[in-house]
Amino acid sequence: MIKNSNEKFMKQALKEAKKAYEINEVPIGCVIVLNEKIIARGYNRRNIDKNTLSHAELIAIKKASKKMGDWRLEDCTMYITLEPCQMCAGAIVQSRMKKVVIGSMNPKAGCAGSVFNLLQVAAFNHQVDIETGVLEEACSAMLSNFFKELRENKKRVKKSPDTLTKQQKEDIL
């Protein structure tokens, strides 16, 4: 895919990440593309769903598989704003995804090259092509802003815990 196409689809993944941000979830967004068309979208919903599995990638894979009528997504490309974790990287390999385009790398938990590269383990029956750094600044900035706000909110709760109701504390955090 050409650079402009990658940026176009990463912008759509960023729109999904913004949806997560707006509901106080870690802002990670994802789209899956087939033949230059988005067939599935996802964003983080772990806290809202109260489910460890509600990662952007897994949500998008489930939707794409339903749309395709198959668990194999062999000709698809995933655009994700943050390097996938081990769970998501494993699901990407299992789905037979052709390629993953990553906005920002995750040096603490990334499994597409930062901590480990599960997407290209030679012993597995499938390897995924990887492209990194697409709209990296925008992807990184959204995550940085989110965590900065989260830290500031936690400080505010610590400074005045008695003046906030339990619901206000939950809303802040």
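Read along the sequence, the chain has the pattern α-β-β-α-α-β-α-β-β-α-α, with six helices and five strands in total. The structure is a predicted model, in which local features need pLDDT of at least 70 and side-chain atom pairs count only at pLDDT 80 or more, while totals for chains, interfaces and linings use all residues. Residues are numbered from 1 along each chain as its sequence is written, and side-chain values use heavy atoms, with hydrogens and water left out.

**Chain as a whole**

Of the 173 residues, 45% count as buried; buried denotes under 20% relative accessible area, exposed over 50%, and partly exposed the range in between, with a 1.4 Å probe and protein chains only. The chain exposes about 9,900 Å², of which carbon and sulfur atoms supply 51%. These areas come from the Shrake-Rupley method with a 1.4 Å probe, and for residues only the protein chains shown count as cover. Among contacts in the chain with a separation of 6 or more, 56% join residues 24 or more positions apart, a contact being heavy atoms within 4.5 Å.

**Aromatic pairs**

The structure holds three aromatic pairs. Rings of Phe, Tyr and Trp (its six-membered ring) pair if their centres lie within 6.5 Å; planes under 30 degrees apart are stacked, over 60 edge-to-face, and the rest tilted. Two of the pairs are set out below.

| Pair | Centre to centre | Angle between planes | Geometry |
|---|---|---|---|
| Phenylalanine 9 and tyrosine 79 | 5.4 Å | 40° | tilted |
| Tyrosine 21 and phenylalanine 146 | 5.5 Å | 75° | edge-to-face |

Phenylalanine 9 belongs to helix H1 (residues 3–22) and tyrosine 79 to strand E3 (residues 77–82), so their pairing ties together parts 70 residues apart in sequence. Phenylalanine 9 is buried at 2% relative accessibility, and tyrosine 79 is buried with a relative accessible area of 0%.

The pair of tyrosine 21 and phenylalanine 146 links helix H1 with helix H5, across 125 residues. Here tyrosine 21 is partly exposed, at 21% relative accessibility, whereas phenylalanine 146 is buried, at 5%. Tyr21, Phe146 and Phe147 form one aromatic cluster.

**Largest pocket**

The largest pocket holds about 490 Å³ of space. Of its 21 lining residues, the closest to the centre are Val26, Leu82, Asn106, Leu143 and Phe147. Helix H5 (residues 136–159) gives the largest share of the lining, five residues. By class the lining has 10 nonpolar, six polar and five charged residues; Ala, Val, Leu, Ile, Met, Phe, Trp, Tyr, Cys and Pro count as nonpolar, Asp, Glu, Lys and Arg as charged, and the others, Gly among them, as polar. A pocket is an open set of points on a 1 Å grid over the protein atoms alone, where a 1.4 Å probe fits, with protein on both sides within 12 Å along at least five of seven lines; lining residues have an atom within 4 Å of a point. Points are joined across faces, edges and corners, and the volume is the space filled by probe spheres set on them.

The buried residues of helix H4 (residues 86–94) are Cys88, Ala89, Ala91, Ile92 and Val93. Their cover includes helix H3 (56–68), E3 and E4. Just after H4, arginine 96 takes a positive phi of about 65°.

Lysine 108 lies in the loop between strand E4 (99–104) and strand E5 (129–132) and is exposed, at 80% relative accessibility.

Notes
Helix = DSSP H or I, 4+ residues; strand = E, 2+ residues; numbered from the N terminus.
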